[in-house]
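This report describes selected features of one protein structure.

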Amino acid sequence: MNLFTRRTGLVLAALMTLGTAAQAQAPIVIKFSHVVANDTPKGKGAIRFKELAEQRTNGRVKVEVYPNSQLYKDKEEMEALQLGSVQMLAPSLAKFGPLGAKEFEVFDLPFLFKDTAAFRAVTDGPLGADLFKKLEPKGIKGLAYWDNGFHIMSANKPLHHVADFKGMKMRIQSSKVLDAQMRALGAIPQVMAFSELYQALQTGVVDGTEGVPSNFLTQKISEVQKHMTLSNHGHLAYAVIVNKKFWDGLPADIRTQLEGAIKDATTYANAIAATENATALDKIKASGKVTVYTPTPDEINEWKKALMPVHKEMESRVGKATIDAAYKAAGFVAPK
């Protein structure tokens, strides 16, 4: 072997070594998709996770956050996660029923939670952990529950009494419990992607919806609805989930760092939920475009009595044991 050949071989070997090193140092990319705006509790929680994950792994992980259904709509994103097209999502808990994990629909039962502490007692306890285990055979790992406060109702007419709902086309997420809820009120439920809601309300495809103030404000729902009722009948929350195969395949030290990042991002997201929704509601009121109504205790009791049959009706779907476990953890008391 002559000197030139030997040197060429050494150079090529060095370049290959550099290429391998560069490849080894290429960051692990996590695509985190969700359907709401960045300026919401969930949106801010996702950004906080990105910051913490990248910082704590010293850049070995890169988190790409895609808000506002930029990549996928509600229904599509779950399939994308299972296929590995995205690695992480934070769908609302109502999204797991259509996936076959019907027990998650316990969270949709109307008036189940009297306050945030009651909700956390369920998610942070054995029931929350058991529900996450039901996702694993579907290729999904649950990492955390993120809170986003209580649902209110909106429409283009006042919704004070149960009779006011009669014949109203109300947008819901794809949940049999929410479907039964609207039917119990006399409304006509319409399943629709969140990204399509504004236009549907604007054009009259649907008459109203349920949601939280932070989403109503950031999605400009308050521009296409004249009335909102502070019913607090349901609770909106999300599950931060990850493709299980991807998660299990991560280096152990990276996974530990990401678990810590998720834990701290969860503390942050849950802490800001109440404040963000209160601020959003103040802005909606200040706009002067919407009449915001606080129901009387008698009116709320009327709603509760109309909706309690939904709990019984859903035992066969959600499971009586799951509902009983939620009742116990939440300290639920049926209306008299």
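## The strand pair β4 and β10

Strand β10, residues 235-243, pairs with β4 through eight bridges in the antiparallel sense. The model is a predicted one. Strand β10 is mostly covered, with nine of its nine residues buried.

Strand β10 also pairs with β3, again in the antiparallel sense, here over two bridges. In that pairing, M88 has V242 of β10 as its bridge partner. In general, the strands of a sheet pair through backbone hydrogen bonds, either parallel or antiparallel.

## The sheet as a whole

These strands belong to an open sheet of five strands in the order β2-β1-β3-β10-β4, and the pairing within the sheet is mixed. The edge positions are taken by β2 (61-66) and β4 (140-150); each has a single partner strand, so one side of each is left without a neighbour in the sheet.

## Helices on the sheet

Helix α4, residues 116-123, packs on the sheet and touches β4 and β10. The direction of α4 makes about 170° with that of β4.

Helix α10, residues 252-287, lies across β1 (28-33), β2, β4 and β10. Relative to β4, helix α10 runs at about 15°.

## Packing of α6 against α11

A further contact joins helix α6 (residues 176-184) to helix α11 (residues 297-313): the two pack at an angle of about 145°, and their axes are 9 Å apart. The crossing of α6 past α11 is right-handed.

On the α6 side the contact involves V177, A180, Q181 and A184, which meet A306, L307, V310 and E313 in α11. Sorted by class, this contact of α6 with α11 comprises six nonpolar residues, one polar residue and one charged residue.

## Aromatic rings

The structure holds 10 aromatic pairs. For F107 and F119, the ring centres are 6.1 Å apart and the planes stand at 65°; planes over 60 degrees apart count as edge-to-face, so this pair is edge-to-face. The pair links distant parts of the chain, with F107 in the loop between β3 (88-89) and α4 and F119 in helix α4, 12 residues apart.

Both F107 and F119 are buried. They also belong to one aromatic cluster, formed by F107, F113, F119, F132 and Y145.

## The loop residue P67

P67 is placed in the loop between β2 and α3 (74-83). Is this residue, P67, buried or exposed? Its relative accessibility is 7%; buried means under 20%, so P67 counts as buried.

When residues up to four places away in sequence are not counted, P67 touches H34, V36 and N38. Between P67 and I262 the separation is 195 residues in sequence and 18 Å in space, taken from C-alpha to C-alpha.

Key:
Residues numbered from 1 in each chain as written. Predicted model: local features only at pLDDT ≥ 70, side-chain atom pairs only at ≥ 80, totals over all residues. Heavy atoms only, no water. Axes fitted to C-alpha atoms, helices over the stretch in contact; angles between N-to-C directions. Helix = DSSP H or I, 4+ residues; strand = E, 2+ residues; numbered from the N terminus. Left-handed = near helix turned anticlockwise from the far one by under 90°. Contact = heavy atoms within 4.5 Å. Nonpolar A, V, L, I, M, F, W, Y, C, P; charged D, E, K, R; others polar. Pairing = 2+ DSSP bridges. Buried < 20%, exposed > 50% of the residue type's maximum accessible area, 1.4 Å probe, protein only. Phe/Tyr/Trp six-rings, centres within 6.5 Å; stacked < 30°, edge-to-face > 60°.
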